[in-house]
Amino acid sequence: MTRRTLAVISAGLSQPSSTRLLADQLADATRDELVRRGAEVELRVVDLREYAHDVVNNLLTGFAPAALREVLDSVTGADGIIAVTPIFSASYNGLFKSFFDVLDAESLIDRPVLIAATGGTARHSLALEHAVRPMFSYLRAVVVPTAVFAAPEDWSGGTADGALRGRIRRAAGELADQIDRRLPATGPADPFALTTDFLQMLGRDDAPVTPGRTGAPPAPGSARAGSLPG
């Protein structure tokens with residue numbers, strides 16, 4: 001059985017939070033779809049309100065406190081991400097943006113992402129397309145086509161109702177498709193991992209050359225190899 005990890009990020013500020021409620025519904029639907037396909041799924045739920053001070057400290061100092069570093073690693077090492085934000089002033093809230101600002105710029109390349117949002121009126125739904133989706137496109141993540149927005153009228157008795165339930169199922173299926181076609185994640189990238197063979201670092205001519213690898217030894221007689229120009 002293939003093991004998959006799903007990072008679920010909620011940027012809701014209140015408690016209880018409709019943003020967290022939507023995140024949980026999307027996570028459950030995606031997990032159910034992946035389990036149906038034969039995967040074992042681990043959910044890693046992140047309530048950003050619990051890490052607000054750490055995020056600000058990271059922005060100010062450039063270093064993530066230990067608790068936040070663990071969260072960042074769990075997100076960048078996940079097979080897929082569900083990211084849900086409340087909409088303030090026609091865009092994502094500041095905590096949501098700040099969290100993704102402290103991630104390494106290349107940590108989400110080719111990572112499947114489902115975006116969703118909550119707001120006080122359905123008029124805010126376009127913020128998913130003009131603000132949230134472009135941010136993840138800049139990070140070179142793979143954002144599934146269906147974005148899910150929930151307005152107050154979409155909830156009935158604290159559960160997803162009617163058309164919202166259909167959007168949740170469709171988006172969850174799209175995210176499961178993207179995760180299923182990729183190899184299992186191996187965890188966050190090691191910032192100290194060597195990208196060049198040791199012999200290449202020494203400039204040895206007998207070092208193995210990997211095609212296209214930066215740092216390959218220069219050809220004999222080239223200017224890089226120390227030859228004088230003719």
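Val113 stands opposite Val143 in β6, and this belongs to the parallel pairing of β5 with strand β6 (residues 142-143), which runs over 2 bridges; two strands count as paired if DSSP finds at least two bridges between them, while strands (E, at least two residues) and helices (H or I, at least four) are DSSP runs numbered from the N terminus. The model is a predicted one, in which local features need pLDDT of at least 70 and side-chain atom pairs count only at pLDDT 80 or more, whereas totals for chains, interfaces and linings use all residues. Residues are numbered from 1 along each chain as its sequence is written, and side-chain values use heavy atoms, with hydrogens and water left out.

β5 also runs parallel to strand β3 (residues 80-88), joined to it by 6 bridges, with Ile82 opposite Leu114. A further 3 bridges join β5 to the parallel strand β7 (residues 148-150), where Val148 stands opposite Ala116.

Because 7 of the 7 residues of β5 (residues 112-118) are buried, this strand is largely enclosed by the rest of the structure; buried means under 20% relative accessible area, with a 1.4 Å probe and protein chains only. In a regular strand the side chains alternate between the two faces of the sheet. On one side of β5 lie Pro112, Leu114, Ala116 and Thr118, on the other Val113, Ile115 and Ala117, and all are buried.

Notes. Buried means under 20% relative accessible area, exposed over 50%, partly exposed in between (1.4 Å probe, protein chains only).
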